[in-house]
Amino acid sequence: NFWGQVASGAIFNGVYQPAVFDPRTHHLTPLGTLGGVTSFGFNGVANSINFFSDAVGYSYINDTTRHAFLYHRGSLTDLDPSGTGSVAYSINDFGLIAGFASNSSGSAQATVFRNGSGTDLDPVGLESYARDVNNRSDVVGEYLIPDGSAFHAFVYSNGVFTDLGVSGSPEAVAYAINDL
């Protein structure tokens with residue numbers, strides 16, 4: 001983020017858990033967990049941190065299911081408490097979070113989370129991932145096109161989902177978007 005804080009993880013008591021490193025103080029802050037640990041000692045990771053030091057990522061709730069989380073002012077919140085699996089990849093400075101949540105059939109669906117609720121962005125419903133969100137609330141990621149043959153990059157802006165598929169390219173993924 002602007003302050004140089006790094007969203008990641010570290011090993012605490014033998015388990016890899018979400019954490020944030022602050023290079024100004026050389027302090028590593030464990031963010032907590034949602035309770036689960038995989039068979040190989042992994043609980044989760046922080047994927048992104050915004051200007052206000054809010055971090056997002058995922059933490060396992062048991063040994064196989066992971067849920068997206070928000071770390072805000074010292075508290076870790078499950079963003080998908082009744083869901084079957086989710087991940088938060090990015091958070092903007094206004095608290096909009098990009099990621100995915102699994103639907104009832106277990107397929108990942110590009111999702112934005114805000115104020116405790118998620119909104120599905122995928123117009124097709126096969127499989128998709130929202131990878132980044134900028135401070136204008138534009139979201140990018142990839143989705144499986146209707147015939148299921150390839151993933152195409154997308155941008156979601158002002159309520160409009162736009163396929164960024166490139167002619168002649170079988171697949172494309174958008175991982176990041178800036179504010180311009």
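**Notebook: strands, sheets and salt bridges**

The model is predicted, so I note its limits: local features need pLDDT of at least 70, side-chain atom pairs count only at pLDDT 80 or more, and totals for chains, interfaces and linings use all residues. Residues are numbered from 1 along each chain as its sequence is written, and side-chain values use heavy atoms, with hydrogens and water left out.

**Entry 1**

Five bridges pair β4 with strand β5 (residues 55–60), in the antiparallel sense. For me, strands are DSSP runs of E with at least two residues, and helices are runs of H or I with at least four; both are numbered from the N terminus. Two strands pair if DSSP finds at least two bridges between them.

The sheet is open, has four strands in the order β4-β5-β6-β7, and is paired antiparallel. Which strands stand at the edges? They are β4 (44–49) and β7 (75–78); each has a single partner strand, so one side of each lacks a neighbour in the sheet. I read the average twist from one strand to the next as 30 degrees. The axes behind that angle are lines fitted to C-alpha atoms (for helices, over the stretch in contact), and angles run from 0 to 180 degrees between N-to-C directions.

**Entry 2: the β1 to β3 sheet**

Three of them form an open antiparallel sheet in the order β1-β2-β3. β1 and β3 are its edge strands, each pairing on one side only. Here the strand-to-strand twist averages 45 degrees.

Strand β1 (residues 6–12) and strand β2 (residues 15–22) run antiparallel and are joined by seven bridges. I checked two positions in β1 against β2. Ala-10 has Gln-17 as its bridge partner, and Ser-8 stands opposite Ala-19. The β1–β2 hairpin has two residues between its strands, and Asn-13 takes a positive phi near 50 degrees there.

**Entry 3: salt bridges**

I searched for salt bridges (a side-chain nitrogen of Lys or Arg within 4 Å of a carboxyl oxygen of Asp or Glu). How many does the whole structure hold? The search finds three.

Asp-22 and Arg-24 meet at 2.6 Å, N to O. Asp-22 is buried at 10% relative accessibility. My scale: buried is under 20% relative accessible area, exposed is over 50%, and partly exposed lies in between (1.4 Å probe, protein chains only).

Arg-131 and Glu-142 form another salt bridge, 2.7 Å from N to O. Arg-131 sits in strand β12 (residues 128–133) and Glu-142 in strand β13 (residues 139–144), so the pair ties together parts that are 11 residues apart in sequence. Both residues, Arg-131 and Glu-142, are buried.

Asp-138 and Arg-136 make a salt bridge too, with their closest N and O atoms 3.4 Å apart.

**Entry 4: a nonpolar patch**

I looked for surface patches: residues with over 30% relative accessible area and no salt bridge, nonpolar side chains (Val, Leu, Ile, Met, Phe, Trp, Tyr) being joined within 5 Å and like charges within 9 Å. Val-6, Phe-21 and Leu-28 make a nonpolar one of about 210 Å². Areas are Shrake-Rupley values with a 1.4 Å probe; for residues, only the protein chains shown count as cover. Leu-28 belongs to strand β3 (residues 27–30). Its relative accessibility of 36% makes Leu-28 partly exposed.

**Entry 5**

Strand β14 (residues 151–157) is mostly covered, with five of its seven residues buried. β14 pairs antiparallel with β13 over six bridges, and Gly-141 has Phe-154 in β14 as its bridge partner. Six residues separate the strands of the β13–β14 hairpin, where Gly-148 takes a positive phi near 75 degrees.

β14 also pairs antiparallel with strand β15 (residues 160–163), over four bridges.

**Entry 6: the whole protein**

The protein has 15 strands and zero helices. Its radius of gyration is 16 Å, close to the 16 Å of the globule rule for 180 residues, so the protein is as compact as a globular protein of that length. The radius is taken over C-alpha atoms, and the rule is 2.2 Å times the number of residues to the power 0.38. Along the principal axes, the C-alpha atoms fill a box of roughly 50 × 35 × 30 Å. Of the 180 residues, 47% count as buried.
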